[in-house]
Amino acid sequence: MNRKKVGIVVAIEMNAVTEKYGEPVETINAHGYDVLVYDNGKNQMYFVNSGAGEINSAGATQVLISDFDVDMVMNFGVVGALTEEIKTAQLCIVEEVIDIDFGSQGWVNLPNGQHPEYDSAVLTTDAELLAHALTVNPELTKVRDASTNSFRNDEADKSAIREEFGADICEMEAAGIVYTCQRAGVPCLLVKAVSDSLTGGGKEFFTELNRVSMECFDTLDAILSSME
């Protein structure tokens with residue numbers, strides 16, 4: 001069996017991991033990030049507790065790549081919906097990511113979200129990992145993710161993001177993970193679950209966080225368990 005080393009970036013949902021897996025084989029502090037090591041009998045898994053935000057997720061992703069030489073990076077977590085069609089607790093798989101806070105106006109004048117070294121504002125996750133995840137759970141909804149460093153609490157704000165970027169969900173870690181993985185040539189997969197609907201905000205987020213995090217991690221666990 002070809003064992004893989006899988007790195008998993010977790011922003012604020014680490015309780016779901018320890019509740020399901022129990023105590024890790026080992027906990028390693030790497031450059032200020034706590035990394036929990038687990039083995040599911042098929043693959044070695046390194047869960048890094050990044051904290052919220054794109055800077056944290058980029059740093060945590062680089063630690064997984066540089067210090068643990070992972071073969072792939074995954075992420076699970078809760079998100080906000082940007083459309084009425086996407087409901088609370090809906091499970092999603094990220095196909096495309098836009099770093100919506102990045103702008104180059106007055107410099108190179110590219111469209112909002114597009115970094116100068118790329119031909120488009122839209123980055124894609126790994127097609128092979130995405131296809132495999134959909135064979136494990138065909139009910140996953142493919143989405144475009146608006147990655148931002150701010151918690152989006154307002155319906156009008158969410159609708160404006162949808163209008164400008166054509167995104168389906170928003171959250172705070174995806175761009176850091178995807179950009180870091182692409183630079184290093186490491187495939188990545190992002191599984192998300194909706195904690196707050198288009199009309200929901202912070203109150204709905206806190207109400208649904210634990211339940212939705214667990215459902216999201218159950219889905220990622222099924223994907224991890226299916227990998228050989």
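In this predicted model, Arg152 sits in the loop that runs between strand 8 (141-147) and helix 4 (155-165). Its relative accessibility is 15%, so Arg152 counts as buried, the cut-off being under 20%. The side chain of Arg152 forms a polar contact with the side chain of Asp101, at 3.3 Å. Leaving out residues up to four places away in sequence, Arg152 touches Ile100, Asp101, Asp157, Lys158, Ile161, Cys170 and Asp196.

Apart from residues up to four places away in sequence, Ser197 touches Ala81, Thr88, Lys158 and Glu204. Ser197 belongs to the loop between strand 10 and helix 6 (202-226). With a relative accessibility of 15%, Ser197 is counted as buried.

The next feature is the largest pocket. The volume of the largest pocket is about 220 Å³. Its lining is made up of 17 residues, and those nearest the centre are Val78, Phe151, Glu171, Met172 and Phe205. By residue class, the lining of the largest pocket consists of 9 nonpolar, 3 polar and 5 charged residues. At least two lining residues come from each of strand 5 (72-81), strand 9 (169-171) and strand 10 (188-196). Strand 5 makes the greatest contribution to this lining, with 3 residues.

The largest nonpolar core holds 34 residues, and the members that touch the most others are Tyr46, Val48, Leu64, Phe68, Val70, Val73 and Ile169. Strand 3 (33-39), strand 4 (44-49), helix 2 (54-68), strand 5, strand 6 (91-99), helix 5 (174-184) and strand 10 each provide at least two residues of this core. Helix 5 contributes the most to this core, with 6 residues. Another core, of 33 residues, lies apart from the largest one, and its members include Ile8, Met14, Tyr38 and Ala133.

Phe68 shows what surrounds one member of the largest core. Neighbours within four places in sequence aside, Phe68 is in contact with Lys5, Ile28, Ala30, Val35, Tyr46 and Val63. Of these contacts, Tyr46 is also listed among the core residues that touch the most other members.

How many of the residues of helix 5 are buried? The count is 8 of 11, so helix 5 is largely enclosed by the rest of the structure. The buried residues are Ala174, Ala175, Gly176, Ile177, Val178, Tyr179, Thr180 and Cys181. Just after helix 5 comes Gly185, which has a positive phi of about 70°.

Positive phi values also occur in residues other than glycine. Ala89 has a phi near 75° and lies in the loop between strand 5 and strand 6. Asn109 has a phi near 55° and is found in the loop between strand 6 and strand 7 (123-124). Are these two residues buried or exposed? Ala89 has a relative accessible area of 18% and is therefore buried. Asn109 has a relative accessibility of 55%, so Asn109 counts as exposed.

Key:
Residues are numbered from 1 along each chain as its sequence is written. This is a predicted model: local features need pLDDT of at least 70, side-chain atom pairs count only at pLDDT 80 or more; totals for chains, interfaces and linings use all residues. Side-chain values use heavy atoms; hydrogens and water are left out. Helices (H or I, at least four residues) and strands (E, at least two) are DSSP runs, numbered from the N terminus. Buried means under 20% relative accessible area, exposed over 50%, partly exposed in between (1.4 Å probe, protein chains only). A polar contact is a pair of N or O atoms within 3.5 Å; within protein, one must be able to donate a hydrogen and the other to accept it, and residues adjacent in sequence count only if both atoms are side-chain atoms. Contact means heavy atoms within 4.5 Å. On a 1 Å grid over the protein atoms alone, a cavity is a set of points where a 1.4 Å probe fits but cannot get out, and a pocket is an open set with protein on both sides within 12 Å along at least five of seven lines; lining residues have an atom within 4 Å of a point. Grid points are joined across faces, edges and corners, and a volume is the space filled by probe spheres set on the points. Ala, Val, Leu, Ile, Met, Phe, Trp, Tyr, Cys and Pro count as nonpolar, Asp, Glu, Lys and Arg as charged, and the others, Gly among them, as polar. A nonpolar core is a set of buried Ala, Val, Leu, Ile, Met, Phe, Trp, Tyr and Cys residues joined through side-chain atoms within 4.5 Å.
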